[in-house]
Amino acid sequence: MTKRAKVQIDAHRHSIDGVTISPDGVACFSASRDKVVKMWDLDVGTDKTPEPVAEYLGDFPFSSIDHHYHKSNFVTASDIVSVWDVNRTQPLQKFSWGDETVTCCRYNKVETDLVACCMADRGVFLYDTRTQSAHSKIVLEMRSTSVCWNPMDPNVFVTGCDDRNCYLFDIRLPGRPRNVFQGHIKSVASVDFAPTGYKFAAGSQDCTVRMWDINQNTKSESQEMYHTKRMSRVLAVKWSPDNSYIYSGSEDCNLRIWKADASKPVRPFRGPEKHNFDYMRKLKDKYSNFTEVKRITKQRNTPKHLKKQSQRMKKAGKRDLVKEMTRKRSENVAPLTKRKTYEYVD
C-alpha cells in the first residue's frame, strides 16, 4: 500500500460531505455542499483526467450519502431525505419530518428498505422506502451526529451523540436504549460497526478512536483506545470489510490505519505461531478474573490531558448526584424543619 494518492480529482466547487461506493465496486458517488451529487467510474486509468459519469442536482446542500446494498439506488441527506435511481436525474422518493436539517443517513444492510437518519433537532428517525412512509422516531437529550446499522442484526443500530455517549437501540423497543457506552470526553463524530456485528468503533472530538463490545456490561470501559500524540479531532471512522483494520480521518488532514486486534501481528502466522497465539488468548480468557490479569488487560496509556479531564467530569457527575439526592430529601421534610446543608465530594 502506497501513501500517495493514485488519482486526484477536482470534483466539486464546495466541500464534499459524503462519499460512498456501489456494492459492485465499479462506481463512486460524491455529495457536496454545492447541491450536486456526481458519479465516478473507478476503473478509469491514471493517465487521463477522470470525468463524472452522471450528475444529480438537488434542491439543498447535501450532508450525507449512502448506497443501496442490492439495488442501483442511493439515498442523500440535506434539508430532506431523497432516494435516487442512478438512471434518473430526479429523486424517486422524498421524506421530511419537520424543518430541521438531516445530518446523516444510512441504509440497513439486511433489511435494505429501511433508512436511518439523524436530524439536527436531536431526533433519529427511520423511513421505510418500500411503503414510502415513516417508521418511527427517537428523540435524544442532545443532537445525534452519526448512525450505523448492525450488519448481522437488522433490528439494532448504534448512534453517536454530542453528549459524549454512544447509544445502542433496538427498533422493536425504541422507547429506551439497549445499552449506553461512555468514555469519550467530547462529542462523538462518527460510528461504524465491525463486519461481525459484535463490536463497533467511534471517533470523537477528543482526538481518540475507541472500540466497544455491544454485549459488555461496563459502560465507561472501552476495549481499545487508539490515539497518537499529534492526532487532531477525529471526523470519520470506518471498519475494513475483512475485520482486520479500522480507518480514521481526522482534522489534521491525515488518514490513519489501525489494527482492529491490537495484539495480533500484521504479517501472516508462520508454522506453529497460530497455535501459540490462540493458546495465549485462551489462557488470558481463562484467568481473566485474576487481579493481575485484570490490571494488565485494563491498562491504557491514556494521554495526561484526557485522563485529567475524565477525572474532572466524574467529580462533576458526583456533585450533581449529591445535589439531586439532597433536593429530593429536602422536598420530603416539613417546611419548618428545613435546614440548609453543604456537602463536598472529593
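Start by selecting Val156, Val158 and Gly160: they point one way from strand S14, while Phe157, Thr159 and Cys161 point the other way, and all of them are buried. Keep in mind as you click around that this is a predicted model.

Now widen the selection to the whole of S14, residues 156-161. How many of its residues are buried? Six of six, so "buried" here meaning under 20% relative accessible area, the strand counts as mostly covered.

Next, bring in the neighbours. Select residues 144-149 to get strand S13, which runs antiparallel to S14 and is joined to it by five bridges. Then trace the chain from S13 into S14, where a hairpin makes the link through six residues.

Go to residues 166-170 for strand S15, again antiparallel to S14 and joined to it by five bridges. Which residue of S15 stands opposite Gly160? That's Cys166. S14 and S15 also form a hairpin, this one with four residues between the strands.

Last stop, the surface. Select Lys314, Lys315, Lys318, Arg319 and Lys323, which gather there in a patch of positive charge. Zoom in on Arg319, which sits in helix H3, residues 304-331. Is Arg319 buried, exposed or partly exposed? Partly exposed, with a relative accessible area of 35%.

Key. Residues numbered from 1 in each chain as written. Predicted model: local features only at pLDDT ≥ 70, side-chain atom pairs only at ≥ 80, totals over all residues. Heavy atoms only, no water. Patch = residues over 30% accessible without salt bridge, like charges linked within 9 Å, V, L, I, M, F, W, Y side chains within 5 Å. Areas by Shrake-Rupley, 256 points an atom, 1.4 Å probe, with all protein chains shown as cover. Salt bridge = Lys/Arg side-chain N within 4 Å of Asp/Glu carboxyl O. Lys, Arg positive; Asp, Glu negative; His and termini not counted. Charge placed at Lys NZ, Arg CZ, Asp CG, Glu CD. Helix = DSSP H or I, 4+ residues; strand = E, 2+ residues; numbered from the N terminus. Buried < 20%, exposed > 50% of the residue type's maximum accessible area, 1.4 Å probe, protein only. Pairing = 2+ DSSP bridges.
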